[in-house]
Amino acid sequence: MKKIILTTLVALAITISCSRYKKSGDDVLLIADVNMENRLLNFETTLKENNAHSGQFYSSIDSVRQYGVGYSYILPDSLKTKNLTLYISAWVRESELPLEGAIAAAVETTKGNVAWYTFDAKKITTYKAGEWVQIKDSVTYESTLFNQPHIDVRVFGLKSKGKDMFDIDDLQVKYKFSK
């Protein structure tokens, strides 16, 4: 229960403090830059210092502490009739190959998870152990998925197997809503 409350509070702080909106025609674009340097926006249990991709801090997780820094966005009713394309960009690293971590995207309702997608780091082919590499990918969700009263789209670091650490820095999430 404490984890749920903490995650909700962190997600709310992130939503309030680091999102930007842009509108062009029928499209709405929300951009969330998760700044690891702002200690209010971090999961304190995964926050590490020094040797980050940029700045001083980064999120570090393993298969025991599986969830890292993330961003949560509760869809307002006005956007539930639009399709959502979710673009992610994050810098990641692991000390051992193969890469086992991922950035996960989950669509949650009051009834539970209705969609799950992972942007797997193992898809990256040009990688040297211990070096930062960028994950950049997207996924599209049809508006029919959003026919619930409460829709929460979450993006976060995930590591469910492997013995080394999965480090995440400079997470950016773009939500593009369109017809």
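The model I am reading is a predicted one.

**Entry 1**

I looked up the partner of Arg154. The side chain of Arg154 meets that of Asp152 in a salt bridge, at 2.9 Å from N to O. Is Asp152 buried or exposed? Asp152 has a relative accessible area of 5%, so I log Asp152 as buried.

I then checked for a polar partner of Ser72. The side chains of Ser72 and Asp152 make a polar contact at 2.5 Å. Ser72 is found in strand β5. Its relative accessibility is 9%, so Ser72 is buried.

**Entry 2: aromatic pairs**

I searched the whole structure for aromatic pairs, and the search finds seven. I noted Tyr67 with Phe156: the ring centres are 5.7 Å apart and the planes stand at 65°, so this pair is edge-to-face. Tyr67 is in strand β5 (residues 67-74) and Phe156 in strand β10 (residues 152-158), so the pair ties together parts 89 residues apart in sequence. Tyr67 is partly exposed at 49% relative accessibility. Phe156 is buried at 13%.

Next I took Tyr71 and Tyr175. Their ring centres are 6.0 Å apart and their planes are at 45°, so I log the pair as tilted. Tyr71 lies in strand β5, and Tyr175 in strand β11 (residues 166-178), so parts 104 residues apart in sequence are tied together by this pair. Both Tyr71 and Tyr175 are buried. Which residues form one aromatic cluster with them? Tyr73 and Phe177 do, together with Tyr71 and Tyr175.

I also looked for a charge over a ring. Arg93 lies over the face of Tyr58, at 4.9 Å from the ring centre.

**Entry 3: salt bridges**

I counted salt bridges next. The count comes to seven. One of them joins Asp27 and Lys176, with the closest N and O atoms 3.7 Å apart. Asp27 lies in strand β2 (residues 27-34) and Lys176 in strand β11, so this pair ties together parts that are 149 residues apart in sequence. Asp27 is partly exposed, with a relative accessible area of 22%. Lys176 is partly exposed as well, at 28% relative accessibility.

I moved on to Lys159. Lys159 forms a salt bridge with Asp164, where the closest N and O atoms are 3.0 Å apart. How is Lys159 classed, buried or exposed? Lys159 counts as buried, at 0% relative accessibility. Asp164 is buried too, with a relative accessible area of 7%.

**Entry 4: Asp77**

I looked up where Asp77 sits. Asp77 has its place in the loop between β5 and β6 (83-94). At 60% relative accessibility, Asp77 counts as exposed. Which side chain does the Asp77 side chain contact? The partner is the side chain of Lys80, in a polar contact at 3.1 Å.

I also checked Asp77 against His150. The two residues are 73 apart along the chain, and their C-alpha atoms are separated by 8.8 Å.

Definitions and conventions:
Residues numbered from 1 in each chain as written. Predicted model: local features only at pLDDT ≥ 70, side-chain atom pairs only at ≥ 80, totals over all residues. Heavy atoms only, no water. Phe/Tyr/Trp six-rings, centres within 6.5 Å; stacked < 30°, edge-to-face > 60°. Helix = DSSP H or I, 4+ residues; strand = E, 2+ residues; numbered from the N terminus. Buried < 20%, exposed > 50% of the residue type's maximum accessible area, 1.4 Å probe, protein only. Lys NZ or Arg CZ within 6 Å of the ring centre and 35° of its normal. Polar contact = N/O pair within 3.5 Å; in protein donor to acceptor, adjacent residues only side chain to side chain. Salt bridge = Lys/Arg side-chain N within 4 Å of Asp/Glu carboxyl O.
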